[in-house]
Amino acid sequence: MIEIQTEIASAIKQHRDEIVEFIQAVVRLPSLADNEGPVQKLIADKLRSLDLYVERIPVHFEKIKAHPAFCDDGYSPDSRYNILGNWQNEKAGKSLILNGHVDVVPTGPPENWNESPWSGALIKNRIYGRGSCDMKAGLSAGIFAVEILKKLGFAPNGSVQIQSVVGEESGGCGTLANIVNGYTADGAVILEPTSLRICPIQSGALTFSITIHGRATHAATRWEGVSAIEKFELVHQVIQELEKDRHQSFHVQYYERSDRVAPINIGTIRSGDWHSTVPEKLMAEGRLGVFPGESADEARTALEEAIGKAAGQDKWLAKEPPKVQWIEGQFESGQTSVEHPLVKTLLGCHESVTNDKGQLEGVTYGSDLRLFTNYAKIPTVLYGPGDVRTAHSANEYVEIEHVMTAVDVIANLIVRWCGGTVG
Ligand SMILES: [Zn+2]
């Protein structure tokens, strides 16, 4: 075991340039939702060059829309597909999925970037570009972990499957298609940017809208009307109190801060159509965080009840109750026990590669983890290079050292989790 660990480490050093060049190449292909084709082709070619059995899984919404976790992201041309690279073995070792998404979020104003968002520029040991951190570097790390083990003549006892998926940022249709097609394993690592922390716990997020009706009148006689904006202020206050109360009633471990596990955010407000008219309607949209272990229904009820209670105490709102609707993304929370052997094995690999204590952490953002843990019943951990705070922002980047460590840790995980022999 120690021997192969040393060999892995020196092989990674030899492949450093190749790893960097591959990440640059995938970052240079703009793969916004619905445009993942060219990057998937490049990934498929790479996996074929490693002599993996490559499958192309179409992501037809017709096939997945009956699934309870399905979120329609509004795209679905039939040309979208996942790429799977299978390193199969008939022996009885444990199997592993290495999952990463290739879709990226929009770049925002290009003038906010120092280089083009699709430059893949290499500056001071960082690779820049949209998708570098989230999460083309992570996916590449998984691919190179396999490449390096193959070059060392290692053969796993259990199968390893690389899943390069589409549509994660807009709801997870890619990973869901793999699950609906029956792909499974004894464990999965999603190579999201976790700053190399081991993250088996994830909050959920539910999108909602609130509609409030008032009564319009001329501003000069505004006391004759009811301002929907003023009524929303009451509701907003209740929402802020609810966020605080919920954090006091849930005792969640492993998060960076126990008061920031499941935030509630109001993101948009639209109201009024004329400055001298009392606004008669307001529509707000927001995102409600779901605690680990809490169901989406429980979270929805908590918000509806808090708003309902506040409305009951106001004369106008008691008659014209605010209407809460659940729209677009409805992402549940998900978790794998920190005691699960997959988590412990990954932690052990991280510690022996880095000579540093591994950190377990819960994350507040959504990912495909929930689909694996809640529906496919696959124990799953998020682990990968890059700091999520640079993701989705201008000048997104990933540190090459992070990537090298991730390749090393994942290669060791395959050895320890799947078992195997050097041929
Ligand atoms: Zn991501």
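Guide: What follows begins with the chain as a whole and then turns to the meeting of the domains. This is a predicted model, in which local features need pLDDT of at least 70 and side-chain atom pairs count only at pLDDT 80 or more, while totals for chains, interfaces and linings use all residues. Residues are numbered from 1 along each chain as its sequence is written.

The secondary structure of the chain comes to 12 helices and 18 strands, where helices (H or I, at least four residues) and strands (E, at least two) are DSSP runs numbered from the N terminus. Of the 423 residues, 48% count as buried, meaning that 20 or more other C-beta atoms, placed from the backbone, lie within 10 Å of the residue's own.

An automatic or database domain assignment divides the chain into domain 1 (2-202 + 333-422) and domain 2 (204-331), and the C-alpha centres of domain 1 and domain 2 lie 36 Å apart. Where they meet, 12 residues of domain 1 are in contact with 17 residues of domain 2, a contact being two residues whose C-beta atoms, placed from the backbone, lie within 7 Å. On the side of domain 1 that touches domain 2, strand β15 (residues 360-363) gives the largest share, three residues. By class, that side of domain 1 has four nonpolar, six polar and two charged residues, with Ala, Val, Leu, Ile, Met, Phe, Trp, Tyr, Cys and Pro counted as nonpolar, Asp, Glu, Lys and Arg as charged, and the others, Gly among them, as polar.

Key:
A residue is buried if 20 or more other C-beta atoms lie within 10 Å of its own, exposed if 12 or fewer, and partly exposed in between; C-beta atoms are placed from the backbone.
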